[in-house]
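Dear colleague,

Please find the structure below, followed by a short account of what was found in it.

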Amino acid sequence: MSLPTPGARRAVVVGAGSFGTAIAVLLARGGVRTTLQARTNEQAERLAADRENHTYLPGVALPQTLRIEAVGAGLARADYVLLAVPSQSLPGVIAGLPAAQLPRRAAIVSLAKGLVPPQGTPPTLLLAARFGTDRVACVGGPAHAREMVDAGAALVAASTDEALALSLASFFQRAGVVCEASNDPVGVELAGAAKNAAALAAGATERQGLNAAGAAAGHIFAEVWRFAELLGGRPESLIGLAGTGDLVATALAPQSRNRRAGELLADGVPGAEIPARIGQAVEALDAVPLLSSALTRAGIDAPVTSGLARLIGGELPLDDWVALVRTTIPPPARWRRPDGSGAGLHRLRERLRAAAARRARRRRLPGAEGT
């Protein structure tokens, strides 16, 4: 049984897919007064009557303390609003938050592991431009929905606001789930985007050889890392739970949508037909072209990510994609002089160059003018 603690905070999870439902279950177990908002009144009524999400999370009983309603019910009493919708749907959802009576002090948490069209923007940057950085967070990490509610997970709650990151982490920890608090939301989001792209790439190349699959995933992580660095991300976000940890979970999961999408691409199924084959949205299919465009605009050489985007779009044959993966050589290392002379000045120049690039990139991001 899950009972709210006295004076518990209120959270609304917008989106009743598998991950949104699982997050709502954990929050309710952690003592948060939680509402799960479904897309339609019919879906909400069915969930409330069955106390189970037969479509997306079968076999998991919804806690009696978990309230179910449709999105139209609004957000007026929420302290935390968690957006469990595909990243391509985020602009419309974000635009509708004020009309849904979003409280001025409510935190907004993105659960998406993709990028927002048309510029390939990390969701927290778009949310921060609209609502301010101190109200915005994201959740990442290896978190297969069914296993998360049955056996646990390893989440990352990230925000530039320390109190917000720690409070989110505490909710999940009280529900029995490991949750790291991070101050690098952009790094965590790009780690999730890299994970999805790498899992899809590995699925597309696995039959051509495990070395090719590993190379594809490694190239994509390296290319995305250079982009994350420009935006102020840190390497530990891609190395840790939100990046490589999540990649291993996705690559090994038999029911991984992103890996399965890669396998279907290898079978010659057009990218546009794959979501219908799988029965759910596949974020990597939308995120990879956005990621490729964002890397190009940032001046980052990313041949493998670009090639994967062309494979998804039907512009690059599978054999050519595999050949690209096998022959791409990453940029050379930054060698230091044997005696260490000049190393400090070199590092200073690199830091100044990176800081200037980040400032220039932020000025080009959509919403940077407050729109």
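Glu-236 is partly exposed at 43% relative accessibility, as is Arg-234 at 27% (buried means under 20% relative accessible area, exposed over 50%, partly exposed in between, with a 1.4 Å probe and protein chains only). Arg-234 forms a salt bridge with Glu-236, the closest N and O atoms being 2.6 Å apart; a salt bridge is a side-chain nitrogen of Lys or Arg within 4 Å of a carboxyl oxygen of Asp or Glu.

This is a predicted model, in which local features need pLDDT of at least 70 and side-chain atom pairs count only at pLDDT 80 or more, while totals for chains, interfaces and linings use all residues. Residues are numbered from 1 along each chain as its sequence is written, and side-chain values use heavy atoms, with hydrogens and water left out.

The structure holds nine salt bridges. Another of them pairs Glu-69 with Arg-67, with 3.2 Å between the closest N and O atoms. Glu-69 is buried, at a relative accessible area of 16%, whereas Arg-67 is exposed at 53%.

Glu-263 also forms a salt bridge, with Arg-260, at 3.4 Å between the closest N and O atoms. Both lie in helix α11 (residues 257-266), and because they are three residues apart they are separated by about one helical turn; helices are DSSP runs of H or I, at least four residues, numbered from the N terminus. Glu-263 is buried at 14% relative accessibility, and Arg-260 is partly exposed at 36%. Salt bridges that share partners join Lys-113, Lys-195 and Asp-246 into one network.

Yours sincerely

Conventions: Helices (H or I, at least four residues) and strands (E, at least two) are DSSP runs, numbered from the N terminus.
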